[in-house]
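Here are a few notes to read alongside the model. Take them one at a time, and keep the picture open as you go.

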Amino acid sequence: MPRHLTDDRSATTRALGRRSFLALATGTVLSLAACSPQVKTAASSEPTGKLPSGDPPPGTKLTVAVRQTRLQLEPAGLKKDLAFTVSEWPNLSAGPDIIQGFRAKSIDLASNAGIPPIQAKAIGVKTKIVAVQVRPLPLYTFATAPGSRITSVEDFRGKKIGFSQGQAQGVVVLRALKAAGLKNSDVELVALPSTQFLTALQSKQVDVAPLGEPALTKYLGQYAKDGAVGLKTDVVDLLTVLWAPVEVLDDPAKAAAVANFIPLWAKGLVWAWENTDEWIDTYYVKSEGVSVADGKRIVSSLNKPQFPVDWDKAIAWEQETADLMAEGGFVPKQDVTDLFDRRFEGLAAASVPAEYRETS
């Protein structure tokens, strides 16, 4: 059963918010533990020493949950530059799923928005951000349930909103409510992982939920005739990050592999931007099952890849996000500075042409 959250700022509500995330972020860890002698959270030590130079030693392996890069390496001609073995490419992207994988030591490196590292720290999973991409344009659109008659964010008052506090979509909801002058207590936040937003909208379990592409196009294509609409806002989710458990980064061989992967990740995103027709066919059509026309529309709405030369702006944004989550009682107040492993700062930006670099 989904747990409804309110923002009455009471100790009970704060505990409820944290328990709902724990249920999402750790729910399958016990089942993973059954397959291994012992499951631990990531090591408590900080990464130490300078970043290793050169390629990782032969035999180095990482499990990498960065699906788009997997699909970009071959057509972009980057596969030959991968200097380590990717033992597996898990098809996982939701923050709670990645945190589960980190805890179970089944994922070494992943791509997410900025919020999952904040949630991981809140439950004691030690991780670091190793690369940053900024997205200054809105990524999510609020999709309404068929027949809901919601025409603006102000209409959210009293409505049920799909809310995944461990993912970017959760922060988008909080920022949109704040921008519209609504309190969390003015709506009913329905705790769900974002992977369940589609079915929750279809069944009218929620009245509205934030969707990204290509899910938004698929949903509206099926339900617009029944009154479902997409409401655009100015709310942005600024960061896409690569992140990893501290114990991975404290291993010199694996840290070198991560450093090798970061430029390939950035170059793959640039290739997709510059080769839209091939990328639409590879990803949106063949992998995601949308039409070429819809793929072109989706790509035209996306942000041009931008990689910051320094991370000061990214850290400030991450802190603002953490503060917003703490104000709602969903995580303890925290300083996010230690979430960034600045040994890797600038690697992504240095690997791409100047037009794809963001300077402060």
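In which helix is the place of Ile-262?

1. Ile-262 sits in helix α10, residues 252–274; helices here are DSSP runs of H or I with at least four residues, strands are E runs of at least two, and both are numbered from the N terminus. This is a predicted model, where local features need pLDDT of at least 70, side-chain atom pairs count only at pLDDT 80 or more, and totals for chains, interfaces and linings use all residues. Residues are numbered from 1 along each chain as its sequence is written, and side-chain values use heavy atoms, leaving out hydrogens and water.

2. Ile-262 counts as buried because its relative accessibility is 0% (buried is under 20% relative accessible area, exposed over 50%, partly exposed in between, with a 1.4 Å probe and protein chains only). Leaving aside residues up to four places away in sequence, Ile-262 touches Val-130, Ala-131, Leu-242, Phe-344, Leu-347 and Ala-348; a contact means heavy atoms within 4.5 Å.

3. Now look at helix α12, residues 292–300, whose buried residues are Gly-295, Ile-298 and Val-299. They cover an arc of only 95° around the axis, so they lie on the same side of α12; the arc is taken from the directions from the helix axis to the C-beta atoms. On the other side of α12, Ala-293 and Ser-300 are exposed.

4. What do the buried residues of α12 pack against? Their partners are α8 (215–223) and α11 (276–285).

5. Finally, the whole chain: it has 14 helices and 13 strands, and buried residues make up 52% of its 360 residues.
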